[in-house]
Amino acid sequence: MSPMGVGIAELDGTPGEAMIDYYEERAMGGAGLIYTEVCRVNDVTGVAMLRQLSMTHDRNIAQMGKLTAAVHRHGTKIFCQLHHPGRQTMSALIGGQPVVSASAIPCKFEKQKTRALTTEEVKSLVQDFINAAVRAQKSGFDGVELHGAHGYLIGQFFSPYTNKRTDAYGGNFENRMRFAVEIIKGIHAACGEDFPVSVRVSVDEFLDKTGVSEDYIHVKDGVAIAMALEKAGAAAINVSCGIYETGAAIIEPVTYPQGWRTPLVKAVKDHVSVPVIAVNAIKEPQVAEKLLEDGTQDFIALGRAWLADPQWGLKAFEGRDKEIRKCIGCLNCFFSLKSCAPVCMPPHCSVNPRLCKESWYPELPYDAQHHKVVIIGAGPAGLSAARTAALRGMQVTLLEKEDHLGGLVPVAAAAPLKGNTKFLTDWYEEELSRLGVDVRLGIEATETVIKGLAPDAIIVATGAGPIVPGKIPGIDKAHVYTFNDVLNGTSGLSGKKVAVIGAGIVGLECGEYLNEKDCTVTIIDMLDAVAPSGNQTIVLDDCMHLKAKGTNFLLGHALKEIKDGSVVLTRTSTKENVEVPCDAVVLCLGLKPERTLGGKTGRALCQCI
């Protein structure tokens, strides 16, 4: 299990009940080695999150020992990942002072005032890492990892893009390696040669994708760094890529295929003799197995896969692949954590509602009376409720008026490169069959149907449908469609000039779908930015694909009227009208709840789950 910040540590930097339960559940679920989330080594300049593990004080050793003991109970090993964010943090987290780095070069993503560390401060930080490793060893950790990837401080020293120093810690390759080498050797001197130190490395920063022409870490440099780390005593190399400025390479969206990092990983594997560990966007056991068989890497690291299903490893080991609840790559975990950072709420997972709430919902109470429950709607909410009720021993009937499960999930999965979204409905179909849920497709939930089932409780999970603003002239014309019509294929649009109204994520995905159908697409929105409230990693990824296909964007324009052969827009800044020719109009204006059934749905839902 690779390191993932989840922000549920206690404010003093120790793991409380919630974090211990979170890690122990993954140990029980078959993780052979768990890396903790980033653990800070310095409280003055090294804070990455408000609720973050910390190894800066001896007083944290005892509570850290409870975490390692909980993991060890299940035969799992655990490493503490030692971390300093350098310039990739917020000044507000370190008392408002400038953030620090190898050189005074601000991160273009965080955009914080940045100062260069003095030589004396660098030496002091070396000792901070060593001291943290000593505390980790005393806490019962089986080893430590240095986070030298993703543009954090150690990586900032590695890279010529961020290291312009002229002292002993910069100026040439050997000097740029010195910070990490001194830390590794210092840990071994303090903890013993048999206390393993792995190092995570971004072997390619991909900065050319953002227009950077300066030198940075390319694959050949990443390989050289890995070789130097092995020589310094690293027990393993954990291969990754990217920095905050190329964030999609770090936490990739669904459009990236499984195993896409293979060339990077193999390049390192071919040049070092210590074990190579890597995350590789893996969702399925057979993909992981092939990477091992091909000699691409020695250890398979899974990240978000463990968030989606804490029993991923156990199910894979027992050959229960179809029971694995796969990560769909939606990035909701990362986006929700970042959004909730000011109030320190746990991240949300779109497929696993118990993520980081394991101690809140430890065991489902069993319904010994086996009550009858009718669930109306087989979208994600209805499917989740059906599974939960069945696990509790209830007799469950699921009614869906359409001929398929998943509600809008199959629609979302129809967008180019988003097919993995269908992992969710495939899993529910398998689960509901295994649990004996009576699934009735093509059945509308009429009063007669429901009375005939004689339920003890009803859950209304009828979801939502596209917003269609009725007051816009021409909105009911035959060439006006919703995103649902486009992505489910019923619109039949191909080779047309199309105006997509709405530049949110759905509008972008409709644009990509229409591009694949040889349409000329203009995406229109009254706002001045593309999907400002959406996950920007996904937005940038979608926009890259759209721009490559020549998609036009017309922002700051509101829809006023739809005519035959054009749309009339109002430019929000000047209030003047603009007419844009088109053959068809696609509305991507969001969703409204389906409330036609009504009833005491909240009460019924609570009674069931």
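1. Cys-582 is buried, at 2% relative accessible area; buried here means under 20%, exposed over 50% and partly exposed in between, with a 1.4 Å probe and protein chains only. The model is predicted, so local features need pLDDT of at least 70 and side-chain atom pairs count only at pLDDT 80 or more, while totals for chains, interfaces and linings use all residues. Residues are numbered from 1 along each chain as its sequence is written, and side-chain values use heavy atoms, with hydrogens and water left out.

2. How many disulfides does a search of the whole structure find? The result is zero, a disulfide being a pair of cysteine sulfur atoms within 2.5 Å. For Cys-107 the closest cysteine sulfur is in Cys-241, 16 Å away and too far for a bond. Cys-107 is buried, with a relative accessible area of 2%. Cys-582 is likewise in no disulfide, with the sulfur of Cys-519 as the nearest at 12 Å.

3. Rings of Phe, Tyr and Trp (its six-membered ring) pair if their centres lie within 6.5 Å; planes under 30 degrees apart are stacked, over 60 edge-to-face and the rest tilted. By this rule there are 11 aromatic pairs. One of them joins Tyr-35 and Phe-79 edge-to-face, at 5.5 Å centre to centre and 80 degrees between the planes. The two residues are 44 apart in the chain, Tyr-35 in strand 1 (residues 33-40) and Phe-79 in strand 3 (residues 77-83). Helices (H or I, at least four residues) and strands (E, at least two) are DSSP runs, numbered from the N terminus. Tyr-35 is buried at 3% relative accessible area, and Phe-79 counts as buried at 10%.

4. Ring pairs also link Phe-129, Phe-157, Tyr-169 and Phe-179 into a cluster. Elsewhere, the charged end of Lys-326 sits over the ring of Phe-423, 5.3 Å from its centre; the criterion is NZ of Lys or CZ of Arg within 6 Å of the ring centre and within 35 degrees of the ring normal.

5. Helix 6 (residues 219-232) has 14 residues and should span 20 Å at 1.5 Å a residue, which agrees with the 20 Å between its end C-alpha atoms; the expected span is 1.5 Å times one less than the number of residues. Its buried residues are Gly-222, Val-223, Ile-225, Ala-226, Leu-229 and Ala-232. These pack against helix 4 (153-158), helix 5 (173-191), strand 7 (197-202), strand 8 (236-240) and helix 7 (262-269), where contact means heavy atoms within 4.5 Å. Just after helix 6, Gly-233 takes a positive phi of about 120 degrees.
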